[in-house]
Amino acid sequence: MSKDTIADVGMNRTGIKTSPVDSKDIIAEAERSRPSSLGDAQAIADVRKQYMREAGDGLGRVPPPSSLKGMAKTAVDMMKGSKPTVFIDKLGERLAFERSGVRLYEGALSKLDVFGSWEGGPSRELLTKIMDDELGHFALLVEAVEKMGADPTAMTPSADLTSVISMGVPAAISDSRTNLRQAMQALLVAELTDNASWELLIDLARGLGHDSLADRFQLALDAEAEHLALVKGWLAAGLATEARAPMDSATLPAQP
């Protein structure tokens, strides 16, 4: 692991104790100043509630079937007493997430090129395999959406929601300041979410009678479980490597 990936002591002025004199002045001024508004956070809470009431369809709705076949499929499922739009919504969510997963591992491969790996860390071969798995899962979900008579290019409400929830993960990996070990930490968040979400989708598929799809989704979940184990192992090994590395003498505080 390169020196640049080690969490050594260095320049960091974010703590208040780095400037005791100035910090006393800041605290004293804060105590003298009047609040910018009266009361507590209730006013902003009331505004947010009003926005919620005016949001209309919120994150939108599942689009109608794009073909006669899709309309017929939806009608049949509704006659059986199920609501196919819920399943299509969650398929759209997983589809969007798996597409993003490919990009995440592309980013991790770039980190590997720059920073290298460590003992027990990720290899190009395994990172590429996971990336290819994510692409395969994306193709599986496209097929499943089309089988339901829906449009795989449509943004469903749950797809919109999960993209907002997870936007920090690609931001962390694409950040030029983060290294490969830090990228593994971001990937851990993604893989934990991915595993739990596949489990929910499988349960939903079986509950709606889509057993053949559920069986194929189970194979995807098995692969995702392997991804999670690998990422956790790589991250643990990276942290252990950093913790055992000698401290750079240039960053040690001067002795009085």
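I take buried to mean under 20% relative accessible area. The model I am reading is predicted.

**Entry 1: D194**

I looked up D194 with that cut-off in hand. D194 has 2% relative accessibility, so it counts as buried. I place D194 in helix α8, which spans residues 180–207. Which residues does D194 contact once its neighbours within four places in sequence are left aside? I listed R94, F97, E98, E134 and E224.

**Entry 2: overall make-up**

I then stepped back to the whole protein. I counted nine helices and zero strands. Read from the N terminus, the order of elements is α-α-α-α-α-α-α-α-α. The protein has 256 residues, and buried residues make up 35% of them.

**Entry 3: L141**

I found L141 in helix α5, residues 124–147. Is L141 buried or exposed? The relative accessible area of L141 is 0%, so I call this residue buried. I left aside the neighbours of L141 within four places in sequence and looked up the remaining contacts, which are L91, R94, L95, E98, W198, L201 and F217. R94 and E98 are also on the contact list of D194. I also checked L141 against L213, which is 72 residues away along the chain. Their C-alpha atoms are separated by 9.6 Å.

**Entry 4: nonpolar cores**

Next I went through the nonpolar cores. The largest has 25 residues. Which of its members touch the most other members? I noted Y105, L127, I173, M184 and L187. Helices α4, α5, α7, α8 and α9 each supply at least two residues of this core; α9 covers residues 211–244.

Not counting residues up to four places away in sequence, I173 touches L104, G107, A108, K111, T178, A183, A186 and L187. L187 is another of the members that touch the most others in the largest core.

There is a second, separate core of 20 residues. I noted L91, V145, M148 and F217 among its members. L91 and F217 are both in contact with L141.

**Entry 5: R181**

I returned to helix α8 for R181. R181 has 11% relative accessibility and the cut-off for buried is under 20%, so this arginine counts as buried. With neighbours up to four places away in sequence set aside, I found R181 in contact with W118, L235, G238, L239 and E242. I also looked up R181 and L112, which sit 69 residues apart along the chain. The separation of their C-alpha atoms is 9.4 Å.

**Entry 6: L230**

L230 is in helix α9. Its relative accessible area is 29%, and I therefore log L230 as partly exposed. Beyond its neighbours within four places in sequence, I found L230 in contact with L126 and I130. I also checked L230 against M184, 46 residues apart along the chain, and the C-alpha atoms of the two are separated by 9.9 Å. M184 is one of the members that touch the most others in the largest nonpolar core.

**Entry 7: second largest pocket**

I recorded about 170 Å³ of space in it. The lining has 14 residues, and those closest to the pocket centre are A96, F97, S100, S163 and S166. F97 is also a contact of D194. Which elements give two or more residues to the lining of this pocket? I found α4 (84–115), α6 (157–165) and α7 (168–174). Helix α4 gives the most, with six residues. By class, I logged eight nonpolar, five polar and one charged residues in the lining.

Terms used: Residues numbered from 1 in each chain as written. Predicted model: local features only at pLDDT ≥ 70, side-chain atom pairs only at ≥ 80, totals over all residues. Heavy atoms only, no water. 1 Å grid on protein atoms, 1.4 Å probe; cavity = no way out; pocket = protein on both sides within 12 Å on 5 of 7 lines; lining within 4 Å. Points joined across faces, edges and corners; volume = space filled by probe spheres on them. Helix = DSSP H or I, 4+ residues; strand = E, 2+ residues; numbered from the N terminus. Nonpolar A, V, L, I, M, F, W, Y, C, P; charged D, E, K, R; others polar. Buried < 20%, exposed > 50% of the residue type's maximum accessible area, 1.4 Å probe, protein only. Contact = heavy atoms within 4.5 Å. Core = buried A, V, L, I, M, F, W, Y, C linked by side-chain atoms within 4.5 Å.
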